[in-house]
Amino acid sequence: MDHDVLNMFGVLLAIGGAGVMTYGGAVMIRAFARRMDRRIGPDEADLDDIRDRLGGLEAMQARIGELEERVDFSERLLARPASER
């Protein structure tokens with residue numbers, strides 16, 4: 001009877017070990033696939049989209065700078081006494 005328990009333990013250990021190795025292999029394959037995706041990088045369409053967005057952002061920053069100057073001018077003008085305007 002002790003021999004049967006040892007055999008059963010050995011079978012369960014083998015099945016558990018195979019499961020752990022399968023899971024570990026799957027994790028490693030996913031990690032490798034993610035690493036390969038990062039090496040490939042964005043395609044040309046993505047880069048064009050990023051460039052367009054960057055150009056729009058730079059134009060918006062210039063416009064915001066102009067608006068800040070106008071607000072500053074308006075604040076200075078309104079801060080003056082009415083007789084100096």
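1. Helices here are DSSP runs of H or I with at least four residues, strands are runs of E with at least two, and both are numbered from the N terminus. The model is a predicted one, in which local features need pLDDT of at least 70 and side-chain atom pairs count only at pLDDT 80 or more, while totals for chains, interfaces and linings use all residues. Residues are numbered from 1 along each chain as its sequence is written, and side-chain values use heavy atoms, with hydrogens and water left out.

2. Overall architecture. The chain holds two helices and zero strands. Helix α1 covers residues 2–40, and helix α2 covers 44–79. Along the principal axes, the C-alpha atoms occupy a box of roughly 110 × 35 × 10 Å. The radius of gyration of the chain is 34 Å, whereas a compact globule of 85 residues would have one near 12 Å. That radius is taken over C-alpha atoms, and the globule rule is 2.2 Å times the number of residues to the power 0.38.

3. Burial and surface. What share of the 85 residues in the chain is buried? The share is 0%, where buried means under 20% relative accessible area, exposed means over 50% and partly exposed lies in between (1.4 Å probe, protein chains only). The accessible surface of the chain comes to about 8000 Å², and carbon and sulfur atoms account for 64% of this surface. These areas come from the Shrake-Rupley method with a 1.4 Å probe, and for residues only the protein chains shown count as cover.

4. Distances along the chain. Asn7, in helix α1, counts as partly exposed because its relative accessibility is 40%. Asn7 and Met36 are 29 residues apart along the chain, and their C-alpha atoms are separated by 43 Å. Ala18 also belongs to helix α1 and is partly exposed, with a relative accessible area of 40%. From Ala18 to Glu58, 40 residues apart in sequence, the C-alpha distance is 56 Å. Glu84 sits in the segment after α2 and counts as exposed at 55% relative accessibility. Glu84 and Gly65 are 19 residues apart in sequence, with 27 Å between their C-alpha atoms.

5. Salt bridges. Side chains of opposite charge can pair when their charged atoms come close. A salt bridge is taken here as a side-chain nitrogen of Lys or Arg within 4 Å of a carboxyl oxygen of Asp or Glu. A search of the whole structure finds four such bridges.

6. The Asp48 group. Arg51 forms a salt bridge with Asp48, and their closest N and O atoms are 3.2 Å apart. The two residues, Arg51 and Asp48, are separated by about one helical turn because they lie three residues apart in helix α2. Asp48 counts as partly exposed at 36% relative accessibility. Glu44, Asp48 and Arg51 are linked in a network of salt bridges.

7. Two further pairs in helix α2. Asp49 and Arg53 form a salt bridge with closest N and O atoms 3.3 Å apart; both lie in helix α2, four residues apart, about one turn of the helix. Asp49 is partly exposed, with a relative accessible area of 37%, whereas Arg53 is exposed at 61%. The side chains of Arg63 and Glu66 meet in a salt bridge of 3.6 Å, N to O. Arg63 and Glu66 are three residues apart in helix α2, so about one helical turn separates them. Arg63 is partly exposed at 42%, and Glu66 is partly exposed at 41%.

8. Charge patches. Where does positive charge gather on the surface? Arg30, Arg34, Arg35 and Arg38 form such a patch. Patches consist of residues with over 30% relative accessible area and no salt bridge, with like charges joined within 9 Å and nonpolar side chains (Val, Leu, Ile, Met, Phe, Trp, Tyr) within 5 Å. Arg38, placed in helix α1, counts as exposed because its relative accessibility is 66%. A patch of negative charge on the surface comprises Glu68, Glu69, Asp72 and Glu75. Glu68 lies in helix α2 and is partly exposed, with a relative accessible area of 47%.

9. The chain has 12 positive and 16 negative charges, whose mean positions are 4 Å apart. Lys and Arg count as positive and Asp and Glu as negative, while His and the chain ends are not counted. Each charge is placed at NZ of Lys, CZ of Arg, CG of Asp or CD of Glu.
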